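Biologist: I'm new to this one. Can you put it on screen and walk me through some rings and a pocket?

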Amino acid sequence: MKLGREISDAGRFVRQPNRFTARIEAGGEHPPEPGRYQLYASYACPWAHRSLIVRELLGLQDIVGATIVDPIRDEKGWRVPGSDPVTGVEYLSELYLATDPDYQGRYTVPCVWDRTAKRLVTNDYPQITLTLETAFAPWHAQDAPDLYPVELRGEIDALNEVIFDGLNNGVYKAGFATSQEAYDEAVTAVFDTLDLLEERLATHSYLHGDMLTESDVRLYPTLARFDAVYHSHFKCAIRRLTDYPALWAYARSLYAIPAFHDTTDFDHIKRHYFMTQTNINPSRIVPRGPELDWTAG
Ligand SMILES: N[C@@H](CCC(=O)N[C@@H](CS)C(=O)NCC(=O)O)C(=O)O
(Lines give C-alpha, C1' and ligand atoms only; values in the text may rest on other atoms or scores of the structure.)
Protein backbone atom coordinates (compact mmCIF):
# COMPACT_ATOMS: atom_id res chain seq x y z
CA MET A 1 0.00 0.00 0.00
CA LYS A 2 1.22 3.47 -0.89
CA LEU A 3 0.75 4.85 2.60
CA GLY A 4 4.06 6.69 2.87
CA ARG A 5 2.76 10.04 1.74
CA GLU A 6 -0.09 9.80 4.26
CA ILE A 7 2.24 9.65 7.30
CA SER A 8 3.23 13.09 8.65
CA ASP A 9 6.64 13.98 10.09
CA ALA A 10 5.15 13.55 13.57
CA GLY A 11 4.15 9.96 12.71
CA ARG A 12 0.47 10.75 12.28
CA PHE A 13 -1.73 9.07 9.65
CA VAL A 14 -3.34 11.78 7.53
CA ARG A 15 -5.84 10.22 5.14
CA GLN A 16 -5.60 11.22 1.46
CA PRO A 17 -8.44 13.38 0.10
CA ASN A 18 -10.98 11.74 -2.18
CA ARG A 19 -10.08 12.53 -5.76
CA PHE A 20 -13.40 11.86 -7.50
CA THR A 21 -16.20 13.90 -6.04
CA ALA A 22 -18.75 14.38 -8.81
CA ARG A 23 -22.35 13.91 -7.68
CA ILE A 24 -25.14 11.74 -8.98
CA GLU A 25 -28.02 14.19 -9.02
CA ALA A 26 -31.15 14.90 -11.00
CA GLY A 27 -30.46 17.44 -13.74
CA GLY A 28 -26.70 16.99 -13.43
CA GLU A 29 -24.08 15.32 -15.59
CA HIS A 30 -24.68 12.02 -13.78
CA PRO A 31 -28.45 11.76 -13.27
CA PRO A 32 -29.83 8.93 -11.12
CA GLU A 33 -31.17 6.15 -13.33
CA PRO A 34 -31.82 2.46 -12.65
CA GLY A 35 -29.03 0.25 -13.99
CA ARG A 36 -26.66 3.08 -14.85
CA TYR A 37 -24.29 2.93 -11.86
CA GLN A 38 -22.06 0.19 -10.50
CA LEU A 39 -20.71 0.26 -6.95
CA TYR A 40 -17.30 -1.33 -6.38
CA ALA A 41 -16.96 -2.52 -2.83
CA SER A 42 -15.08 -4.84 -0.52
CA TYR A 43 -16.75 -6.64 2.36
CA ALA A 44 -13.54 -5.99 4.28
CA CYS A 45 -13.51 -2.22 3.95
CA PRO A 46 -15.56 -0.28 6.52
CA TRP A 47 -16.19 2.64 4.15
CA ALA A 48 -17.47 0.30 1.46
CA HIS A 49 -19.42 -1.75 4.01
CA ARG A 50 -21.60 1.24 4.79
CA SER A 51 -22.58 1.68 1.16
CA LEU A 52 -23.53 -2.01 0.87
CA ILE A 53 -25.65 -1.78 4.04
CA VAL A 54 -27.52 1.29 2.77
CA ARG A 55 -28.06 -0.19 -0.70
CA GLU A 56 -29.73 -3.23 0.86
CA LEU A 57 -31.63 -1.36 3.60
CA LEU A 58 -33.19 0.83 0.91
CA GLY A 59 -33.92 -2.08 -1.44
CA LEU A 60 -31.72 -0.67 -4.22
CA GLN A 61 -29.97 -3.92 -5.22
CA ASP A 62 -31.69 -4.03 -8.63
CA ILE A 63 -31.19 -0.30 -9.23
CA VAL A 64 -27.50 0.12 -8.40
CA GLY A 65 -25.30 -2.89 -9.23
CA ALA A 66 -22.43 -3.99 -7.01
CA THR A 67 -19.13 -5.72 -7.72
CA ILE A 68 -17.37 -7.24 -4.70
CA VAL A 69 -13.59 -7.33 -4.94
CA ASP A 70 -11.27 -10.01 -3.60
CA PRO A 71 -10.37 -9.33 0.06
CA ILE A 72 -6.65 -9.72 -0.51
CA ARG A 73 -5.01 -6.81 -2.27
CA ASP A 74 -1.66 -7.25 -3.95
CA GLU A 75 0.72 -4.61 -5.29
CA LYS A 76 -1.68 -3.99 -8.18
CA GLY A 77 -4.48 -3.14 -5.78
CA TRP A 78 -8.01 -4.49 -5.52
CA ARG A 79 -8.84 -7.31 -7.94
CA VAL A 80 -12.20 -8.46 -9.22
CA PRO A 81 -12.40 -12.26 -8.93
CA GLY A 82 -12.62 -13.60 -12.51
CA SER A 83 -13.28 -10.31 -14.22
CA ASP A 84 -15.95 -7.71 -13.79
CA PRO A 85 -19.10 -8.65 -15.76
CA VAL A 86 -20.03 -4.97 -16.09
CA THR A 87 -16.80 -3.40 -17.33
CA GLY A 88 -14.57 -6.41 -18.03
CA VAL A 89 -11.79 -5.07 -15.81
CA GLU A 90 -9.67 -7.33 -13.65
CA TYR A 91 -8.27 -4.61 -11.37
CA LEU A 92 -10.00 -1.59 -9.89
CA SER A 93 -7.02 0.53 -10.95
CA GLU A 94 -8.21 0.18 -14.56
CA LEU A 95 -11.35 2.17 -13.73
CA TYR A 96 -9.34 4.89 -11.97
CA LEU A 97 -6.87 5.18 -14.82
CA ALA A 98 -9.60 5.10 -17.49
CA THR A 99 -11.09 8.13 -15.75
CA ASP A 100 -7.82 9.93 -15.00
CA PRO A 101 -4.65 8.51 -16.61
CA ASP A 102 -2.55 10.74 -14.31
CA TYR A 103 -4.16 9.53 -11.09
CA GLN A 104 -1.43 8.99 -8.45
CA GLY A 105 -3.39 8.12 -5.30
CA ARG A 106 -4.53 4.80 -3.86
CA TYR A 107 -7.18 2.91 -5.84
CA THR A 108 -9.86 2.79 -3.19
CA VAL A 109 -13.22 1.21 -2.57
CA PRO A 110 -15.96 2.24 -2.43
CA CYS A 111 -16.25 3.93 -5.80
CA VAL A 112 -19.07 4.31 -8.30
CA TRP A 113 -18.76 3.84 -12.05
CA ASP A 114 -21.13 5.45 -14.56
CA ARG A 115 -21.81 2.86 -17.29
CA THR A 116 -23.14 5.51 -19.68
CA ALA A 117 -20.38 8.11 -19.28
CA LYS A 118 -17.81 5.31 -18.83
CA ARG A 119 -16.03 6.98 -15.97
CA LEU A 120 -15.78 6.95 -12.19
CA VAL A 121 -18.17 9.42 -10.70
CA THR A 122 -17.05 9.23 -7.10
CA ASN A 123 -14.83 7.60 -4.52
CA ASP A 124 -16.10 10.09 -1.96
CA TYR A 125 -17.32 7.52 0.55
CA PRO A 126 -19.23 9.89 2.91
CA GLN A 127 -21.26 11.13 -0.05
CA ILE A 128 -22.07 7.70 -1.53
CA THR A 129 -24.52 6.67 1.20
CA LEU A 130 -26.11 10.13 1.27
CA THR A 131 -26.63 9.92 -2.50
CA LEU A 132 -28.33 6.53 -2.21
CA GLU A 133 -30.57 8.03 0.49
CA THR A 134 -31.50 11.20 -1.40
CA ALA A 135 -30.97 11.06 -5.19
CA PHE A 136 -32.25 7.47 -5.38
CA ALA A 137 -35.34 8.09 -3.19
CA PRO A 138 -37.76 7.45 -6.11
CA TRP A 139 -36.54 3.84 -6.24
CA HIS A 140 -36.46 3.06 -2.52
CA ALA A 141 -38.46 0.02 -1.38
CA GLN A 142 -41.86 0.99 0.02
CA ASP A 143 -40.95 -0.06 3.55
CA ALA A 144 -37.44 1.43 3.41
CA PRO A 145 -36.36 3.47 6.45
CA ASP A 146 -35.65 7.17 6.08
CA LEU A 147 -31.99 7.10 7.08
CA TYR A 148 -31.41 10.81 6.56
CA PRO A 149 -34.61 12.62 7.63
CA VAL A 150 -34.52 16.29 6.73
CA GLU A 151 -35.28 17.49 10.27
CA LEU A 152 -32.40 15.45 11.76
CA ARG A 153 -29.70 16.16 9.18
CA GLY A 154 -27.86 18.72 11.30
CA GLU A 155 -27.66 16.35 14.26
CA ILE A 156 -26.77 13.36 12.09
CA ASP A 157 -23.96 15.26 10.33
CA ALA A 158 -22.59 16.53 13.65
CA LEU A 159 -22.53 13.09 15.28
CA ASN A 160 -21.08 11.54 12.11
CA GLU A 161 -18.11 13.91 12.41
CA VAL A 162 -17.48 12.82 15.99
CA ILE A 163 -17.75 9.14 15.01
CA PHE A 164 -15.49 9.60 11.98
CA ASP A 165 -12.71 11.47 13.65
CA GLY A 166 -12.65 9.63 16.96
CA LEU A 167 -13.55 6.15 15.83
CA ASN A 168 -14.00 5.26 12.12
CA ASN A 169 -10.79 7.01 11.16
CA GLY A 170 -9.49 7.10 14.74
CA VAL A 171 -8.70 3.37 14.71
CA TYR A 172 -6.65 3.89 11.53
CA LYS A 173 -4.83 6.80 13.14
CA ALA A 174 -3.95 4.53 16.08
CA GLY A 175 -3.04 1.58 13.87
CA PHE A 176 -0.88 3.43 11.36
CA ALA A 177 0.81 5.82 13.81
CA THR A 178 4.58 5.64 13.64
CA SER A 179 5.25 7.58 16.85
CA GLN A 180 4.16 6.82 20.42
CA GLU A 181 2.74 10.29 20.76
CA ALA A 182 0.54 10.00 17.67
CA TYR A 183 -0.64 6.55 18.77
CA ASP A 184 -1.41 7.69 22.34
CA GLU A 185 -3.42 10.64 21.05
CA ALA A 186 -5.41 8.50 18.60
CA VAL A 187 -6.09 5.57 20.91
CA THR A 188 -7.29 7.92 23.66
CA ALA A 189 -9.74 9.48 21.23
CA VAL A 190 -10.98 6.03 20.14
CA PHE A 191 -11.92 5.06 23.68
CA ASP A 192 -13.25 8.48 24.63
CA THR A 193 -15.59 8.19 21.65
CA LEU A 194 -16.67 4.65 22.58
CA ASP A 195 -17.33 5.82 26.17
CA LEU A 196 -19.47 8.67 24.88
CA LEU A 197 -21.47 6.39 22.58
CA GLU A 198 -21.91 3.80 25.34
CA GLU A 199 -23.54 6.48 27.45
CA ARG A 200 -25.79 7.58 24.62
CA LEU A 201 -26.91 4.03 23.80
CA ALA A 202 -27.65 3.18 27.44
CA THR A 203 -30.94 5.04 27.04
CA HIS A 204 -31.67 4.77 23.29
CA SER A 205 -32.06 1.88 20.84
CA TYR A 206 -30.28 3.84 18.10
CA LEU A 207 -27.96 6.82 18.09
CA HIS A 208 -30.73 9.30 17.35
CA GLY A 209 -33.48 7.68 19.41
CA ASP A 210 -35.93 5.06 18.20
CA MET A 211 -35.12 5.11 14.50
CA LEU A 212 -32.23 3.79 12.49
CA THR A 213 -30.28 6.52 10.70
CA GLU A 214 -27.15 7.17 8.69
CA SER A 215 -25.20 7.58 11.96
CA ASP A 216 -25.93 3.96 12.95
CA VAL A 217 -24.85 2.78 9.51
CA ARG A 218 -21.55 4.64 9.93
CA LEU A 219 -20.87 3.35 13.42
CA TYR A 220 -21.63 -0.32 12.78
CA PRO A 221 -18.76 -1.27 10.41
CA THR A 222 -16.20 -0.07 12.96
CA LEU A 223 -17.91 -2.01 15.77
CA ALA A 224 -18.08 -5.15 13.62
CA ARG A 225 -14.30 -4.99 13.11
CA PHE A 226 -13.36 -3.87 16.58
CA ASP A 227 -12.60 -7.00 18.59
CA ALA A 228 -11.67 -9.14 15.59
CA VAL A 229 -9.18 -6.69 14.09
CA TYR A 230 -8.72 -3.27 15.62
CA HIS A 231 -8.13 -4.51 19.17
CA SER A 232 -4.99 -6.40 18.13
CA HIS A 233 -3.93 -5.26 14.64
CA PHE A 234 -4.48 -1.53 15.30
CA LYS A 235 -3.48 -1.77 19.02
CA CYS A 236 -6.86 -0.43 20.18
CA ALA A 237 -6.49 -2.57 23.25
CA ILE A 238 -7.68 -0.52 26.23
CA ARG A 239 -11.07 -2.25 26.17
CA ARG A 240 -12.96 -4.60 23.87
CA LEU A 241 -16.35 -3.92 22.31
CA THR A 242 -17.68 -6.76 24.45
CA ASP A 243 -16.66 -4.80 27.57
CA TYR A 244 -19.27 -2.17 26.68
CA PRO A 245 -22.72 -3.64 27.55
CA ALA A 246 -24.85 -1.11 25.65
CA LEU A 247 -22.62 -0.90 22.57
CA TRP A 248 -22.24 -4.65 22.31
CA ALA A 249 -26.01 -5.23 22.64
CA TYR A 250 -26.61 -2.49 20.05
CA ALA A 251 -24.05 -3.97 17.63
CA ARG A 252 -25.74 -7.37 17.88
CA SER A 253 -29.17 -5.81 17.40
CA LEU A 254 -27.95 -4.27 14.15
CA TYR A 255 -26.34 -7.54 13.08
CA ALA A 256 -29.79 -9.16 13.42
CA ILE A 257 -31.06 -6.91 10.57
CA PRO A 258 -30.53 -8.67 7.18
CA ALA A 259 -28.86 -5.67 5.47
CA PHE A 260 -26.21 -5.61 8.19
CA HIS A 261 -25.90 -9.37 8.55
CA ASP A 262 -25.73 -10.13 4.80
CA THR A 263 -22.93 -7.62 4.28
CA THR A 264 -20.80 -8.59 7.31
CA ASP A 265 -18.16 -11.09 6.27
CA PHE A 266 -15.77 -11.75 9.13
CA ASP A 267 -13.58 -13.98 6.97
CA HIS A 268 -13.03 -11.23 4.36
CA ILE A 269 -12.49 -8.69 7.15
CA LYS A 270 -9.83 -10.69 8.97
CA ARG A 271 -7.98 -11.92 5.91
CA HIS A 272 -7.93 -8.44 4.38
CA TYR A 273 -6.52 -6.52 7.31
CA PHE A 274 -4.00 -9.07 8.52
CA MET A 275 -2.79 -10.23 5.11
CA THR A 276 -2.86 -6.94 3.18
CA GLN A 277 -1.65 -4.35 5.67
CA THR A 278 1.86 -5.76 5.75
CA ASN A 279 3.27 -2.43 6.97
CA ILE A 280 2.00 -3.39 10.42
CA ASN A 281 1.77 -7.19 10.06
CA PRO A 282 4.69 -8.29 7.88
CA SER A 283 4.24 -12.00 8.73
CA ARG A 284 0.69 -11.87 7.27
CA ILE A 285 -0.43 -14.28 9.98
CA VAL A 286 -4.17 -14.15 10.62
CA PRO A 287 -4.91 -14.66 14.32
CA ARG A 288 -7.37 -17.28 15.49
CA GLY A 289 -10.25 -15.87 17.53
CA PRO A 290 -11.63 -14.06 19.31
CA GLU A 291 -14.72 -16.30 19.54
CA LEU A 292 -17.65 -13.89 19.57
CA ASP A 293 -21.32 -14.78 19.39
CA TRP A 294 -22.87 -12.07 17.27
CA THR A 295 -26.20 -13.92 17.30
CA ALA A 296 -26.53 -14.10 21.11
CA GLY A 297 -29.85 -12.48 22.10
N1 LIG B 1 -11.36 6.89 -0.37
C2 LIG B 1 -10.87 6.98 0.96
C3 LIG B 1 -11.33 5.87 1.89
C4 LIG B 1 -11.54 4.53 1.31
C5 LIG B 1 -10.40 3.61 1.66
O6 LIG B 1 -9.42 4.00 2.31
N7 LIG B 1 -10.55 2.37 1.26
C8 LIG B 1 -9.48 1.41 1.47
C9 LIG B 1 -10.00 0.10 1.99
S10 LIG B 1 -10.70 0.25 3.60
C11 LIG B 1 -8.83 1.13 0.15
O12 LIG B 1 -9.49 0.92 -0.85
N13 LIG B 1 -7.50 1.12 0.12
C14 LIG B 1 -6.74 0.86 -1.05
C15 LIG B 1 -5.25 1.06 -0.85
O16 LIG B 1 -4.85 1.45 0.26
O17 LIG B 1 -4.51 0.83 -1.79
C18 LIG B 1 -9.38 7.23 1.01
O19 LIG B 1 -8.86 7.46 -0.04
O20 LIG B 1 -8.80 7.25 2.10
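Biologist: Is W139 buried, exposed or partly exposed?
Modeller: W139 is partly exposed, with a relative accessible area of 27%. Buried means under 20% relative accessible area, exposed over 50%, and partly exposed in between, using a 1.4 Å probe and protein chains only. A caution: this is a predicted model, where local features need pLDDT of at least 70, side-chain atom pairs count only at pLDDT 80 or more, and totals for chains, interfaces and linings use all residues. Residues are numbered from 1 along each chain as its sequence is written, and side-chain values use heavy atoms, leaving out hydrogens and water.

Biologist: How many aromatic pairs are there in the whole structure?
Modeller: The search finds 28. Rings of Phe, Tyr and Trp (its six-membered ring) pair if their centres lie within 6.5 Å; planes under 30 degrees apart are stacked, over 60 edge-to-face, the rest tilted.

Biologist: What kind of pair do F136 and W139 make?
Modeller: Their planes are at 50°, so the pair is tilted, and the ring centres are 5.8 Å apart. F136 is buried, at 1% relative accessibility.

Biologist: And what about Y220 and W294?
Modeller: That pair is edge-to-face, with 6.4 Å centre to centre and 75° between the planes. It links distant parts of the chain, 74 residues apart. Y220 is in helix α7 (residues 214-230), while W294 is in the segment after α10 (266-276). Helices here are DSSP runs (H or I, at least four residues), numbered from the N terminus.

Biologist: Are Y220 and W294 buried or exposed?
Modeller: Y220 is buried at 0% relative accessibility. W294 is buried too, at 6%.

Biologist: Switching topic. Which residues line the second largest pocket?
Modeller: Among them are N18, R50, Y125, D157, E161 and R218. A pocket is an open set of points on a 1 Å grid over the protein atoms alone, where a 1.4 Å probe fits, with protein on both sides within 12 Å along at least five of seven lines; lining residues have an atom within 4 Å of a point.

Biologist: Which helix gives the most to that lining?
Modeller: α4 does, with four residues. α3 (125-134) and α4 (153-168) each supply at least two.

Biologist: Why does the second largest pocket lie between domains 1 and 2?
Modeller: Domain 1 (4-139) and domain 2 (150-257) both give residues to its lining, so the pocket lies between them. Those bounds come from an automatic or database domain assignment.
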